[in-house]
Structures are given as C-alpha cells and as structure tokens.
Amino acid sequence: SESTSVNTNIVTLTRFLTEEQVKHKEATGDFTLLCHALQFSFKAISYYIRRATLVNLTGLAGQSNATGDDQKKLDVIGNDLFISAMRSSGKCALLVSEEEEEIIYFKDHTGARYAVACDPIDGSSNLDAGVSVGTIFGIHKLADGSTGTKEDILRPGSELLAAGFTMYGASAQLVVTMKGGTVNGFTLDNSFGEFILTHPDMRIPKKRAIYSVNEGNSLYWEENTKAYFNSLKYPQESGKPYSARYIGSMVADAYRTLLYGGIFAYPADKKSPKGKLRILYECAPMAMVFENAGGQAVNDRMQRMLEIVPESIHDRSGIYLGSYDEVEKVKSFHK
Ligand code: AHG
Ligand code: MN
Ligand code: MN
Ligand code: MN
C-alpha cells in the first residue's frame, strides 16, 4: 500500500533544475550550470562542516573580515569552496562574499551573465558547538550589455533572479526560490549524494506565537522595539505569551520560522544603528524567500526589505521577517 512503500518517484535538484530550464524556451543552460556549481559548493561545505571536529577544522583562522567578524577556519574554507565553484562554473561574472573585502571579478568568464552574493557560512559563531549553520546566496543578472560592474550587484532584492539558503543541521536542507516563483525545499541524501525535493511549494503559516531575537541586545533597543517585544511577552487581555526561540544562526532561525511561522528579527539598536545583518547576502535573499512563501520582510523603518538598495557591498540593515500577520503586528508598533 501507499503507506508502506518507499518513495520511488524522487525529484532530485538536478532533475528539478533541468525541468525548470526546459520550461523556459529561451534558456541557454547558463543559469542551470551556475546552479549546479552552487549545488556542489553546498555539498562540499556540508561535508567539511560535518568532519570539522575530526580533522582540526574548529576554531579561529586568525584574521577578521571586512565587516569586522573574527573568521573561523571554516569561514575561510567555505569562502574558498564557494569562490572555486563560481569560478569553475564559468557563468559568474562577479561575486560578493561576506569574507571578501572587495568584489571578485572573473574577468576570463567572457559571456558570463550573473552576479552572485554569498554568505558562505552563516552562523559561524555556532560552528564549534556543532549547532546548525548554513550558506545564503542571491543571484542577479547583469544589465544588458554589461560585462560586470559594481552596479550589477548593488541592486534591490526585488530584482533578484534567484535566492536561497542551506542549513547544515541534523540533515542538510536547501531552500530555493526564483523570481515570481514558489519556494522549494530539498534535503541532502548523503548516500545518493543528491538534494531531494522534500518540501515543494513551501508556504509560511499566516501567524504563529513564536519570536526569535537576541534579547541580550534589549538594553540598546529603541522604545518601539521594546514595546513590540513586550507586547508579545506580556499580552493584554487574556492572550498567551509567545514562545522564544533563538539559535543565533540566521539560516536556522529563518528555516524554523519558514516552517512553523512566527517572527525573526535583528533590529537596529543604539549600539548598532544600522543593524547587524548585511543586505546583499543576508537580508535580501531571505526576504525574497519569505515573500515568495507568503510572508513579509521589512527593515526598521517598515520599508519592504526587497526595495532597499545598498550603497556598498557590505551595507547592513535592521530586519524583521516572518509570517504575514506577525509582520503586520510589527508595523503597528512602528507607526
Ligand atoms: P555570520 O556568521 O555569517 O557572520 O552571521 C552571523 C549573523 C547571523 O547568523 C545571526 O542571525 C546573527 O549574526 C547572530 O548575531 P548575535 O550573535 O549578535 O545574536
Ligand atoms: Mn561572519
Ligand atoms: Mn551571516
Ligand atoms: Mn558568514
């Protein structure tokens, strides 16, 4: 019967990407090739993370990156793996990485039409404790006639061609969305070495009483931020208070929020007036995923995150993202 038989009609990411390509008559296969390179980098990063404790890959690398974070050894390896994947694809004209101060231009990729932004390992402070981390990416198409300049990546998230993230947790999960499309979730089957479509057409629940924020920053919060979170913890009338969940890896907190609903926030505060998370490779890709799944994402001024245009590649923003109704509630406290 259905309930006892194994699933034999498996949709792999490879099949999924090829079917997408076939649907678009005008497609050249370049985007599919770029995605295959991404797919390989996710498998490789996942592999090294799982072996880290065994092969002396825990701890600091000894440098800090452009945004002032202390780099872990795995931040450096994840970055190298991602850069190599983009280089070998031949389809990436330029790359922005959290771990690189400047844009990397692949000048020998003549005809490459894509600009990519990535956070090779998000949540790297959690690495040595074996807590979930992941990779975040956003893909833009170069402007017509451009061979790849800064202006091709300093674009609003609304122009992203595709975006997504992985979470290397109990299993490796991949969440991908394309412009105007649905959100699809894949799980890496280590024995097949394939990402399998396990969560087709992901939709975020309209509301859920879970909040996710680093409450250790509350001393520095603005008054409306405090008022909003207090309203969740000390509801008026007879409402029940929200549950708190905070992992400290955006990918893991966002993945849970996508599946269960609720709100994830990293607001700007008096200590970090521009917020902590970076627009190109953290805020915008996540915002695209959440909007395409039926949720919302806004900055501290309640502007749609996907409309924010960064002035430089490592620009930051405060962010609230989550269930549609929960973000509406955030807005009601920021009028
Ligand atoms: P990264 O590890 O890529 O530098 O990103 C860290 C980010 C994000 O993963 C997380 O949501 C947030 O920083 C956690 O910050 P706090 O430790 O300040 O809560
Ligand atoms: Mn970092
Ligand atoms: Mn990050
Ligand atoms: Mn990172």
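I looked up burial first: 44% of the 335 residues in the protein are buried (20 or more other C-beta atoms, placed from the backbone, within 10 Å of a residue's own; 12 or fewer count as exposed, and anything in between as partly exposed). The model is predicted, and I kept to its limits: local features need pLDDT of at least 70, side-chain atom pairs count only at pLDDT 80 or more, and totals for chains, interfaces and linings use all residues. Residues are numbered from 1 along each chain as written, with chains lettered from A and ligands numbered from 1 in the order written.

I noted seven helices and 15 strands (DSSP runs numbered from the N terminus: H or I of at least four residues, E of at least two). The radius of gyration is 20 Å, close to the 20 Å of the globule rule for 335 residues, so the protein is as compact as a globular protein of that length (C-alpha atoms; the rule is 2.2 Å times the number of residues to the power 0.38).

I then went to helix H4, residues 223-233, where Thr-225, Tyr-228, Phe-229 and Leu-232 are buried. They fall within an arc of 90° down the axis, so they line one face of the helix (the arc is of directions from the helix axis to the C-beta atoms). Glu-223, Ala-227 and Asn-230, on the other side, are exposed.
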